[in-house]
Structures are given as structure tokens and as C-alpha cells.
Amino acid sequence: MGCCETLMRAILVIINVVVSVAGAVMLIVGGVFLAKGYEFFDGTDMENYSVSVDPVVIPMMVMGGILLLVGLIGCAGACSGKGGLLNVYFVIIGLVVIAELVVLIYGYIKKDDVKEAMEDGVTQLFIEYYSFAVEKNITSLSEDKILAVNSFQRVLGCCGIDKPSYWLANKNTKYPPGCCATWDGENYDKTGLQDCPEAKVYKVGCREQTNSVLNDLGIIIIIIILAVIVFEIFCMIAACIAKKNDYLSA
């Protein structure tokens, strides 16, 4: 057994142990979310704004199962050096790379649909808050919805749907607490509005900020997927080297 083959096998073993553990964790976490997902908002007024976790959790569990299977095959192939197992490992990794490229392309094509869906959900909540706090068309709004709107603005550092003046109507001069950089994230007036110095009001609208965050997140996801693909191609090359030396020694 050559030095290069030994090194490649050792690397494959380490890599695939990590892959197997990651796959097992994804299966466990996915199972927990699948079992408990619908209970996270039970008993709150946010149930109407929650979505099924199945579209995310089920693919995650499938991916976890694939990773666990691939990791085990990779470990067995690397430890034994058997060309048959390494062939299976090579084919599976190749199919995974192709699938990731398809997902990457599909996600890029559908990115605008994701933005639109998120904007619609946020806008609906903001309109309800506006009707309660500014227009006074509804007499009460649940604490969950009040915190949702204000926490969203606080986390993203934005105010109003398009700009802070969104809230300044009907002679209103106050803002939701989430618009104010000094808000502690907990205490707020029951009216949903409070005084805030103009210098402390976030200047960017939440629609613009949401699009900016989604764009940044999209870039990060693309970089991660490309890095994973490069890593997987390295594993395929390592498997080829180990398999070649196995055939030469046969």
C-alpha cells in the first residue's frame, strides 16, 4: 500500500465519519421538528401566520439519511479499500453533486417567488398593526402580533413597510417601539406606539431591508453550496486514487 493511498484512505475515513454524524444529527433534528412543528405556535394568535414545517423538514431528513448512508459506505470503502464500495461511493457523490447543481439553479430561478411570499406575509402583519395603532379601526391586537411587528423591525433595523413615514398618518407623530434604536425589545405601550427622537428612528423601510437580507443570505447559500461541491469533488478524486491503488495491488 502506497503512502498516497494510505493518506487518501485516512482522509476519507475522517471525512465520512463527520458526514455520518452530520446525517444522523439532521435525521434526529428533523424528526423532532416534524413531531413538534405544529406545537410551536399552539395557543397563540400567531397560528395563522405559521407555516407547515414539512417542506423544510422532510427534505432535511432525506438529505440526512443520504449523508448517513454515504458516510457509512465511504467509511467501509476507505477502511477496506475495496473497489466495489468505492465505486458505489463515487457514483452516489456524483449524483449528489448533480442534484446540488439542480437545486442551486432552481433556487436562483425561484428566488423572486420567495421574496414575494415573505413580503406578502410581512405586509399583512404590518397592515393589521397599522389598522390598530394608527387608524384605530380595530380595538385590540394580540401581544404576539405586536411583538412580531416590532421585533421584525428591531432585528432588521427598519421602520415601516417602505419608509418610517408609513406610520405617520391621521396626525400621528409616534412610532412603533421596534422603529426606535433605543427600544429594549420588551417594554412597550399598549397603544402600540411611543415617542422616539427622529435621530433614533431607523431610516430604511422594511421591504428594502428584507430584500437586502434575502440577497445577502442567497449569496451565502450559493457560496456554501459551491464549497460543498468542491469538497465532494475532492472526495471523488480521493476515492478514485484509493480505488486505483486497490486495482494495481490486485
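Biologist: This is a predicted model, so let's start with Asn 170: where does Asn 170 lie?

Modeller: Asn 170 sits in the loop between H4 and helix H5 (206–249).

Biologist: And why does Asn 170 count as exposed?

Modeller: The cut-off for exposed is over 50% relative accessible area. Asn 170 has 55% relative accessibility, so Asn 170 counts as exposed.

Biologist: What makes the phi of Asn 170 worth a look?

Modeller: Phi there is near 55°, which is a positive value in a residue other than glycine. Lys 171 also has a positive phi, near 65°, and isn't glycine either.

Biologist: On to H3. How do you know what span to expect for H3?

Modeller: You take 1.5 Å times one less than the number of residues. H3 covers residues 83–133, 51 residues, so the expected span is 75 Å. From first C-alpha to last, H3 reaches 69 Å, close to that.

Biologist: Where is the kink in H3 centred?

Modeller: On Lys 110, with an angle of about 50°.

Biologist: Which residues touch the most other members of the largest nonpolar core?

Modeller: Phe 126, Tyr 129, Phe 152, Cys 159, Trp 167 and Tyr 175, out of 25 residues. H3 and helix H4 (143–156) each supply at least two residues of this core, and H3 gives the most, with 7 residues. Apart from this core lies another, of 21 residues, including Val 70 and Leu 86.

Definitions and conventions:
Residues are numbered from 1 along each chain as its sequence is written. This is a predicted model: local features need pLDDT of at least 70, side-chain atom pairs count only at pLDDT 80 or more; totals for chains, interfaces and linings use all residues. Side-chain values use heavy atoms; hydrogens and water are left out. Helices (H or I, at least four residues) and strands (E, at least two) are DSSP runs, numbered from the N terminus. The bend at a residue is the angle between axes fitted to the seven residues ending there and the seven starting there. A nonpolar core is a set of buried Ala, Val, Leu, Ile, Met, Phe, Trp, Tyr and Cys residues joined through side-chain atoms within 4.5 Å. Buried means under 20% relative accessible area, exposed over 50%, partly exposed in between (1.4 Å probe, protein chains only).
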